[in-house]
Every structure is written in structure tokens, then in C-alpha cells.
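I opened this entry to look up two things in turn: what surrounds the ligand, and how the two chains meet.

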Amino acid sequence: MDNYIKIEFKSKGVNESLARIVVAAFVSRLDPTLDELADIKTAVSEAVTNAIIHAYDDEEGVVYITCELNGKEVKVIVEDKGKGIEDVKQAMQPLFTTKPEEERSGMGFTVMETFMDTLEVISQKGKGTTVIMTKKIK
Amino acid sequence: MKRHFNTLVVTLKGELDAHYAGFVREKIDNEILNSKVKNLIFDFSRLEFMDSSGIGVIIGRYKSIKAVGGKVIIVKPNRQIKRIIDISGIQKLIPVNDNLDEAIKKLL
Ligand SMILES: Nc1ncnc2c1ncn2[C@@H]1O[C@H](COP(=O)(O)OP(=O)(O)O)[C@@H](O)[C@H]1O
Ligand SMILES: [Mg+2]
């Protein structure tokens, strides 16, 4: 691995924008296009939002982000120690949401999948969730 | 937020994520309730970023506007926001226009 950063922050909504900015600034070294950078920012936003609103149900918790650069590849890992996902396959279906009353659209994982090259979700009920995403900068 | 007859134009700035969504939702809903507008235009010309939380905001308002027989139009989303809109499929329900004046005229 050429380079990496690790950050952790309290699961507060105000930190969503910070997470996007930090990852985008770090990835900028690979000289991505504005579209590529926007893709990564959006995917990070989705993963971090999920950790804050679903994993911790708006209660206090910690969100961990690791961003690795390897050649032209960006890897972003977003991790929480929250409630976990019972059925990952179902959760990843477009439009599936457990919070329709909060007007969640159920499109978060679909956005991550579309905007990044790969998406892997590892989760254990009661233990937490890890989202691993990669994208090659062209 | 501005009113043109019975159309409410909501101009959003900055970044529409989950954190900002609640505030935006409340503001728009209050205005719809108080001013009894029929149609809604989301003016995204100054919005820099939106994630799927924005889709929830748009669909929620679309439902209440549609219930009173009104229309919703999205104006000038940037490329990133346009992609989110495309993925979500809402452009089948809500037209996207590149010109605010044109959108307002359409709803007159
Ligand atoms: N980090 C997480 N911890 C617990 N549950 C999660 C997490 N991320 C996603 N989920 C579950 O997966 C569902 C789908 O997520 P997503 O596609 O982002 O849609 P949305 O956030 O709009 O509900 C969520 O409604 C939630 O039930
Ligand atoms: Mg989500």
C-alpha cells in the first residue's frame, strides 16, 4: 500500500460533510477528475450516513474510516460497532429501507454500488458493519 | 424560498445530506402548509452536492404536492446530482428542466 489515513469520529450528522471532505482531499493526490471525486464523496456520504442513522439509531457511537491508496486504486473502509444488519442481501436491494418513516429512500447501497467499482458489506447482528469500497482512478 | 402565484420555488444551497435533510423538509412543509401553494420547483442551480437523503426529501414533497393535484419540477441539477436522480428513477415522475423561468412558465 502506498499511503493511507485513518479517522474516527462521533456518530453525529454534522460530521458527514467532514468525512466527505477529508476523504476527497486525501484522494486528490491521485489527480482524479471532478466526476471521480464526486463519485467517491457520494459513496462515502452514503456509508457514513448509514453508520450514523441505522447502526447507532441516532445514539452515540463511533464511526471509523480508513482510506488507502494503492497505485491508482482508492479503497475506502467505513466501519461501525452498531446494531449490524440481519440480512445484508435484502438490505442491498434498491428501495429497501427500514426507516421509511424518516423518508429514507433505500437507495444508499445502490448509489455506493453504482458510483464505485466494487462494494463489499460485512455485517454481524449486534456487532457492527464494515463497508469496503474500491475505485480505480483512470 | 419564493412564490410565483401558486408555485413555490425552493432554492437550495450547499450540500443536501441526511444532516441537512430534516431542516429542508420542515421548511418546505411549513411553507406549503402556510401559503397553500399547489406546485413546487426544486431549484438546484446552487446546490453543490446531494446524496440519497435528497431523494427522500424530493419524493416526500412529490407525494404531498401530488395529493393536492400539483406538479413538481427539478431545475438545474449538477452532474453529480443528476446521476443520483437518474439512479433513483424519480425522473420518471418528476421532470428535470435546465431553465428556471421556463419551469415557472410551465406551471402557470
Ligand atoms: N451500517 C449499518 N448498520 C445497520 N443497518 C444498516 C447499515 N447500513 C444499512 N443498513 C440497513 O440497510 C438498509 C438499506 O440501506 P440504504 O440502501 O442505505 O437505504 P436507506 O439508508 O435509505 O435506508 C437500511 O434501511 C438499514 O436497515
Ligand atoms: Mg442509506
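Before reading off any ligand distances, I note that a polar contact is taken here as a pair of N or O atoms within 3.5 Å. I also keep in mind that the model is a predicted one.

Ligand 1. For Thr98(A) I turned to the side chain, in which an N or O atom comes to 2.5 Å from an oxygen atom of ligand 1. Taken alone, the ligand exposes 530 Å², and I find that the protein buries 97% of that. I counted 18 residues around ligand 1, and those that come nearest include Asn50(A), His54(A) and Thr97(A).

Chain B against chain A. I found 21 residues of chain B in contact with 23 residues of chain A. The area buried between the two chains is about 1800 Å², with carbon and sulfur atoms giving 50% of it. On the chain B side, Ser52(B), Arg83(B) and Ile87(B) lose the most area to chain A, together 29% of what that side buries.

I then looked up the charged pairs, and the rule finds 7 salt bridges across this interface. One that I followed up joins Arg83(B) to Asp39(A), with the closest N and O atoms 2.6 Å apart.

I also noted 13 residue pairs in polar contact between the chains. Of the elements of chain B, α2(B) gives the largest share of the side that touches chain A, namely 7 residues. By residue class, that side of chain B divides into 7 nonpolar, 7 polar and 7 charged residues.

Notes
Residues are numbered from 1 along each chain as its sequence is written. Chains are lettered from A and ligands numbered from 1 in the order in which they are written. This is a predicted model: local features need pLDDT of at least 70, side-chain atom pairs count only at pLDDT 80 or more; totals for chains, interfaces and linings use all residues. Side-chain values use heavy atoms; hydrogens and water are left out. Contact means heavy atoms within 4.5 Å. Buried area is the accessible area (1.4 Å probe) that two parts lose on being put together, summed over both. A salt bridge is a side-chain nitrogen of Lys or Arg within 4 Å of a carboxyl oxygen of Asp or Glu. A polar contact is a pair of N or O atoms within 3.5 Å; within protein, one must be able to donate a hydrogen and the other to accept it, and residues adjacent in sequence count only if both atoms are side-chain atoms. Helices (H or I, at least four residues) and strands (E, at least two) are DSSP runs, numbered from the N terminus. Ala, Val, Leu, Ile, Met, Phe, Trp, Tyr, Cys and Pro count as nonpolar, Asp, Glu, Lys and Arg as charged, and the others, Gly among them, as polar. A residue is near a molecule or strand if one of its heavy atoms lies within 4 Å of it. Accessible areas come from the Shrake-Rupley method with a 1.4 Å probe; for residues, only the protein chains shown count as cover.
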